[in-house]
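Below are some notes to read alongside the model, written for someone meeting it for the first time.

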Amino acid sequence: MNHRRLIFCLLLLDGCSKPAPPTSRKPAEPIRVCILHTCDLHGRVDRLSSLASFVASERQRLGASGIRVLHVDAGDFFQGTPEGDLTHGRVVLDAFNEMHVDALVPGNHDFDLGPAVTEELSRAARFPFLAANLRAGRGPPPWIRSSLVRPDLRIEILGLAPDAMDRLSTRRAREDLAFTPAADALVAHKWTPGLARIVVTHLGLERDRGLPTNGIAAVLGGHTHVNAVETLPSGAVLLHSGSHGQAIGRLELEIDPSSGAVLAARAVVIEVPEGRDPQIERLVETGSGEITRTMAQRVGRLAGDLPRGGPDFDGVSSPLGNHIADLVREAADAEVSVILRSSLRSSLFVGDVRRRDLYEATPFPDTIVAVSISGSRLRAALERGVAKDDRLLVEVSGIQLTYERTAPRGRRIKEIRVAGAPVDFKRRYRVATLSFMTEPGGLLSGGADLRDKGRTLLDEQVDFLRAHSPFRPPDYRSRIVRTP
């Protein structure tokens with residue numbers, strides 16, 4: 001090797017041994033994401049235009065600041081109005097498609113018309129339906145996903161539908177499906193590494209508070225129709241955004257792009273201002289305009305109010321409950337009737353009554369039935385009806401009931417009288433109710449000689465008011481008495 005080549009090699013080695021000059025790299029900027037959260041719209045198509053207008057304005061406003069926007073819905077999106085029910089949810093789904101909803105977790109009432117309708121809606125959606133705890137056979141239905149994974153935003157969103165503890169779903173709603181415990185599904189889920197974890201549920205506020213949320217950034221819930229922003233003991237944000245399209249939740253996140261860690265989280269519930277989206281209005285008119293006009297027809301007139309609940313009727317029967325329970329008992333030619341208070345969804349007020357008013361008071365398609373049950377079985381059903389510490393679950397006709405709210409569950413009833421006489425536990429009674437209450441697990445399941453009248457509460461209300469208008473409700477007297 002000559003001297004020149006030797007010197008060159010030594011210089012080269014010397015250069016390789018020196019460290020690279022330091023570089024001043026700035027840490028990567030956090031990813032900023034805003035999740036807009038709706039729930040429990042219950043078919044209120046009259047709110048869709050304002051909702052769509054607000055969501056669009058938020059996308060534009062936040063997008064101008066570099067904030068990415070997602071919109072998720074926590075279920076019960078179509079049931080509760082004629083427009084929602086009679087179109088099998090399609091008019092609301094079409095609006096959600098136009099609003100660019102990113103994911104939806106079906107609620108208990110999204111299964112009311114049967115899983116085939118829920119599946120049809122899911123397949124027509126331009127966004128995924130999420131439910132990690134929904135099973136058909138050994139796995140999830142092909143039309144459902146456990147989660148939405150967004151690596152670009154460093155977020156994974158898990159869905160939890162109503163589970164086996166939710167008794168509001170009828171047998172028709174559960175046909176061929178299994179709703180496994182939500183907490184078990186949450187624990188078992190294999191999260192994508194390096195992404196922030198968000199959970200969207202339709203379980204209710206109390207159930208959400210009890211979920212195992214270690215490692216979860218936020219829980220966005222529905223079902224209880226309340227506005228709530230809380231921080232759980234785990235540090236997770238809990239957000240509920242009311243119902244009927246009146247409010248929307250907004251969760252703002254700052255996420256470390258390298259680890260998926262949530263650096264900051266802020267949540268608020270915002271009242272949705274009045275607004276217009278002409279495209280949504282045209283879609284709603286095309287899909288349900290004729291239904292809207294039919295529901296505006298006058299049926300009759302009330303000479304007094306029929307409230308369904310409120311502070312004055314806490315733990316006791318309500319005027320509307322008394323009235324509807326009487327209609328059920330008379331329609332089935334039964335001795336007594338027992339219905340769930342949750343079957344009544346809105347009050348009726350003095351003045352002209354439209355078909356819509358009656359529909360929204362009793363929107364469910366369940367039919368009036370009568371069964372034969374023993375006095376002891378009737379008592380057991382009524383014990384379940386007063387078992388909730390915070391509310392009464394039943395309305396009755398032909399029955400006078402006294403119970404003690406603070407007594408142990410299962411031993412709260414102090415007296416039951418039927419037609420003025422103490423209930424005979426050995427005798428069989430003809431009890432009128434609604435069809436879903438006689439299904440397995442229902443309040444009046446196991447009865448004999450079931451007879452289905454084939455008529456809904458809406459059918460009975462329409463016929464009654466047409467025959468008795470103007471109807472003056474009788475003086476109110478509670479049939480259920482609560483003692484301290």
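1. The second largest pocket, an open set of 1 Å grid points with protein on both sides within 12 Å along at least five of seven lines, has a volume of about 270 Å³, taken as the space filled by probe spheres set on the points. Of its 17 lining residues (an atom within 4 Å of a point), Pro319, Asn322, His323, Asp326 and Pro474 are the closest to its centre.

2. This is a predicted model, in which local features need pLDDT of at least 70 and side-chain atom pairs pLDDT 80 or more, while totals for linings use all residues. Residues are numbered from 1 along each chain, and side-chain values use heavy atoms, without hydrogens or water.

3. Helix 10 (residues 319-332), helices being DSSP runs of H or I with at least four residues, gives the most to that pocket's lining, with six residues. The lining as a whole divides into nine nonpolar, two polar and six charged residues.

4. Four cavities of 30 Å³ or more are found in the whole structure, a cavity being a set of points where a 1.4 Å probe fits but cannot get out. Helix 13 supplies the largest share, three residues.

Technical notes
Helices (H or I, at least four residues) and strands (E, at least two) are DSSP runs, numbered from the N terminus. Ala, Val, Leu, Ile, Met, Phe, Trp, Tyr, Cys and Pro count as nonpolar, Asp, Glu, Lys and Arg as charged, and the others, Gly among them, as polar.
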